[in-house]
Amino acid sequence: MRGDSRAEVLLPMLEGVRKVPFVDAGHVEWAVEVETERRLAVELILDWASIQKSSPGRLRPCANSECSLFLLDRSRSNTGRWCSMRACGNRIKARRHYARRGSERPAAPDGASAVQGG
């Protein structure tokens, strides 16, 4: 979860939910029994928990504080920071670049003063 909330805040959404086994094509599968209006939220919570268990430390919020998405880091080094390099990663890198360049004003040639035109 993003922020400081603990997983226990999700318990009310999971109250009364059951997973029931069934056989499909010779394999045991599990069906979630829950009211239709809660089904999507419950399935998202269960999938989230499954990813956290199978890939600990790989599911985290995007490093762009303006983004509300998460990333599943599949890199070998587990150093991914952005939900998408094309979107958030590029924006952050471009901001840093222009912030650095903004403080580096080029000197005027031959000692002349730089004048802003109007």
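Predicted model: local features only at pLDDT ≥ 70, side-chain atom pairs only at ≥ 80, totals over all residues.
The chain contains three helices and four strands. Read from the N terminus, the elements follow the order α-β-β-α-β-β-α. Of the 118 residues, 14% count as buried. The accessible surface of the chain comes to about 9800 Å². Carbon and sulfur atoms account for 53% of that surface. Among contacts between residues at least 6 apart in sequence, 22% join residues at least 24 apart.

The mean pLDDT is 83, and 83% of the residues reach 70 or more. Strand S1, residues 18-24, has the highest confidence, with a mean of 96. Confidence is lowest in helix H3, where the mean is 80. Over residues 111-118, pLDDT stays under 50. For that stretch the model has two contacts beyond four places in sequence.

Arg38 lies in helix H2, which spans residues 36-54. Its relative accessibility is 16%, so Arg38 counts as buried; the cut-off for buried is under 20%. The side chain of Arg38 makes a polar contact with the side chain of Glu35, at 2.6 Å. Leaving aside residues up to four places away in sequence, Arg38 touches Pro12, Met13, Leu14, Glu15 and Val17.

Asp73 sits in the loop between strand S4 (70-72) and helix H3 (85-102). Asp73 is buried, with a relative accessible area of 6%. A polar contact of 2.5 Å joins the side chain of Asp73 to the side chain of Arg60. With residues up to four places away in sequence not counted, Asp73 touches Arg58, Arg60, Asn78, Thr79 and Gly80.

The cysteines were checked next. A disulfide requires two cysteine sulfur atoms within 2.5 Å. By this rule the count comes to zero disulfides. The sulfur of Cys62 has its closest cysteine sulfur in Cys88, 3.8 Å away, which is too far for a bond. Cys67 is in no disulfide either; the nearest cysteine sulfur, that of Cys83, is 3.7 Å away. Cys62 is buried, with a relative accessible area of 4%. Cys67 is buried as well, with a relative accessible area of 11%.

The structure holds six salt bridges. One of them pairs Arg6 with Glu8, and the closest N and O atoms are 3.2 Å apart. Arg6 is exposed, at a relative accessible area of 59%. Glu8 is partly exposed, at 43%.

Another salt bridge joins Arg18 to Glu33, with the closest N and O atoms 3.5 Å apart. This pair links distant parts of the chain: Arg18 is in strand S1 and Glu33 is in strand S2 (residues 27-33), 15 residues apart. Glu33 is partly exposed, with a relative accessible area of 40%.

Arg95 forms a salt bridge with Glu66, and here the closest N and O atoms are 3.2 Å apart. This pair also links distant parts of the chain, 29 residues apart. Arg95 belongs to helix H3, whereas Glu66 lies in the loop between strand S3 (59-61) and S4. Arg95 counts as partly exposed, at 41% relative accessibility. Glu66 counts as exposed, at 61%.

Terms used
Residues numbered from 1 in each chain as written. Heavy atoms only, no water. Helix = DSSP H or I, 4+ residues; strand = E, 2+ residues; numbered from the N terminus. Buried < 20%, exposed > 50% of the residue type's maximum accessible area, 1.4 Å probe, protein only. Polar contact = N/O pair within 3.5 Å; in protein donor to acceptor, adjacent residues only side chain to side chain. Contact = heavy atoms within 4.5 Å. Areas by Shrake-Rupley, 256 points an atom, 1.4 Å probe, with all protein chains shown as cover. pLDDT = per-residue confidence, 0-100. Salt bridge = Lys/Arg side-chain N within 4 Å of Asp/Glu carboxyl O.
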